[in-house]
Structure formats: C-alpha cells, structure tokens
Amino acid sequence: MSRIYNFSAGPAMLPEEVLKTAAAEMLDCHDSGMSVMEMSHRSKTYQAIIDEAEADLRKLIGIPENYKVLFLQGGATLQFAMIPMNFMVHGKADYINTGVWTKKAIKDAKLYGEVNVVASGEEGGFKKIPDLKGVKFDKDADYVYICDNNTIFGSKYKEYPDTGDIPLIADMSSCFLSEPINVKKFGMIYAGAQKNVGPAGVTICIIRDDLLARTPMHPLPAYLDYRIHAENGSMYNTPPTYGIYICGLVFKWLLKTGGLEAREKLNEEKAALLYDYLDHSKLFTPYVDKASRSLMNVTFRTPSDEMDAEFLEGAKKYRFTNLKGHRLTGGLRASIYNAMPIEGVKALIKYMAEFEEAHK
Ligand SMILES: Cc1ncc(COP(=O)(O)O)c(C=O)c1O
C-alpha cells in the first residue's frame, strides 16, 4: 500500500489513523457484529456513535449550550436555500460576495426575498476579501451572510464583519476545524464535511436557539425545516450514518492531537512554507492578495496555461494529484487541509523548485 499526496479541494485527504480505525471496525463495529453502514440508526450502538460525535465536536470547538448541532444531508449547497427559507423572516438579508459560493448562495436567497450585496470582491477578480470599513448593514436585515474561506479563489477572512445585533451566518465548508472558532460571533455556522471533516454527504450546522425560534414566512417541507431536525436530534429521517461515524473519528483525532489551537499552528506553518516559496519564485505567481490568503487553498499559476499543464503532467511522477485549479479559474491550486502532512507540502515545494530550475 502506498498513499499519495492528494491536494484535492474536496473530497480531500482524511487522516490515515482515522482510515485505519474505520478499516479495523469495518466488519464488526463496537461488538455489534456489523459495520456502521449496516446498523439501524435507531439502534443503541448508533445512538452512542452520533451522541459521542456531537459531544466531541462541542468539546473541540467549545460550542455554547444555546447552539444546536445538526448533521444534515444535501451538501453545503442545500444550505444556500435552507438559510433564507428558514431565517429570512422579514424578507431581507445582507450578503458579502467573495466568489462562486456566495454567488450561488445569493442566487438562491433571491428566490425568498430582497438580497442586498453590501460588499463584493468581484471587480478585483476575487483576489481579496473586500474592505468592510464603512460598510453599513441594513438594521432590518434578517441576517448577514459570508463565506469564510473561498475554496476556489483561495481567499479567507482574517477579521469578521461587525454586524451588531444582526446574526452573522458563515459558510465555513473549507476552513471548518482548521483553526479555533469563536462560535458566539455567529448566529449560524455550517460546513460540508468533505474537506477537513469527513466524507461527502454530511453537512454540519451549528445554529443559535434564537434563530431556530423564528417563524418562517412560508410553511416548509419537513426536511427543509431546521427546527424539525433540531427537535429530532438529526434523526427525523435516516441520517448519513457512516459519514457521521467518520466525522466522529476525525473529531477524536483532532482532540488527541492537541485540538484546534495546535491544528491552526500546523496549518499556518504549512501555508507559510508554500506562500514563502511563491513570494520568492520567479516562475509561479500566487493569485490572492497577501492580506486575504487562505491557509487551506493555495492558488497560483505559471506564466501560461501550457506551462500549468506541463507542471500538472510532471506532478504525476511524484504521485501528487489534484493540483489543477478550479475549472472556472484555471491555474493551479494546492489544497492543504488538516490531513495533509507537512511532508506533503515540503515535497510539493521541492518539485516546484525543480520545475522552476528547469524553466529558467
Ligand atoms: C465554501 C464552499 N461552500 C459550498 C460548497 C458546496 O458544497 P457541496 O458540493 O457539498 O454542496 C463548497 C464546495 O466545494 C465550498 O467549497
């Protein structure tokens, strides 16, 4: 067996230790005589798995009592619609546009009410998080929406907007659990699992109770109503059982390896190596402005599409995969989530230096 360095933006690498535990428990999990996939979600064994996953996540982040944790399906994409359906109760919300994922969220929100885009990075090609000084949020807005880490362009908020009493809602899909989170700053946080947390198919939502107490403008189908999921402990219907189990193993791994503070340090170290190389390179150019750089998704390019293609071809020899930029942006992207070891980043830099030397 030999594992490769997978720089995918998601689904992405998972910690080897987690995969080994999952493999060891595949045929007989917790003396049940079956795999988690074969277990009833109503069984005691499974209830213990989901309860432990939630308790570990609460401990890891420090989630206050007045927030519910939900494990849902439908990807982060379903949240683009569920958020306005559930929380746009006066028909108005403020959005900050930082790339493809906020544009999609804005499009869905417009189906339910007035969307005010209070700041946008679009004119500058989404190379940075827009300057929020002087931005006025509508005091009647039901919420302010941001995407914390922009997976495609590779930008990240270093400071969150001060929205006063208006709840701040953040898509944290590609930075969730990569650093400590001050949950109290937010009305809601959500993340698709397939980057830092687990397999695709699980979306984690952390929602403050006062938002859940709002009455939606229109009656909602059961699955699209957060309250129903909250009242049923994410078990209104069959949850993504195996995915939640893997997320639970990842939470344990994070707790065991020093929690989110330790993880942030490591992630900063990994990203600093790569950005430092890019800043000194005469061949590769980083895409995002220094002040807005993501620690998870590092975007860059060579002088031409042809050379980008040559770089990707050469990467195969070293068994590096998924270094191609998103189809909308082109260029190159190295996603270096929690499970990417620092050795992987160092090996990539070594290859980049070799490539640069060969193209002098
Ligand atoms: C920041 C962000 N939000 C939303 C999504 C959409 O996620 P999904 O494909 O799980 O619906 C992605 C996917 O990569 C993402 O990176």
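Helix α3 (residues 75–87) supplies the largest share of the shell around the ligand, three residues. Helices here are DSSP runs of H or I with at least four residues, strands are runs of E with at least two, and both are numbered from the N terminus. Please keep in mind that this is a predicted model, in which local features need pLDDT of at least 70 and side-chain atom pairs count only at pLDDT 80 or more, while totals for chains, interfaces and linings use all residues. Residue numbers start from 1 along each chain as its sequence is written.

Which residues surround the ligand? They are Gly-10, Gly-75, Ala-76, Thr-77, Trp-101, Cys-147, Thr-151, Asp-171, Ser-173, Ser-174 and Gly-192, where a residue is near a molecule if its C-beta atom, placed from the backbone, lies within 6 Å of it. By class, the shell has three nonpolar, seven polar and one charged residues; Ala, Val, Leu, Ile, Met, Phe, Trp, Tyr, Cys and Pro count as nonpolar, Asp, Glu, Lys and Arg as charged, and the others, Gly among them, as polar.

Now to the sheet. Seven strands form an open, mixed sheet in the order β2-β10-β9-β8-β5-β3-β4, and two strands pair if DSSP finds at least two bridges between them. At its edges lie β2 (67–72) and β4 (114–120), each pairing on one side only. Within the sheet, β5 (residues 144–147) and β8 (residues 168–171) run parallel and are joined by four bridges, with Tyr-145 standing opposite Ile-169 in β8. Helix α3 packs on this sheet, touching β3 (92–97), β5, β8, β9 (188–192) and β10 (203–208). Contact means that the C-beta atoms of two residues, placed from the backbone, lie within 7 Å. Helix α4 (residues 100–109) also packs on the sheet, touching β3, β4, β5 and β8.

Is Leu-328 buried or exposed? It is exposed, because 9 other C-beta atoms lie within 10 Å; the cut-off for exposed is 12 or fewer, for buried 20 or more, and partly exposed falls in between, with C-beta atoms placed from the backbone. Leaving aside neighbours within four places in sequence, Leu-328 is in contact with Val-100 and Ile-152. Leu-328 and Val-100 are 228 residues apart in sequence, but 9.0 Å apart in space, C-alpha to C-alpha.

Finally, the whole protein: its secondary structure comes to 10 helices and 14 strands, and buried residues make up 45% of the 360 residues.

Methods. Axes fitted to C-alpha atoms, helices over the stretch in contact; angles between N-to-C directions.
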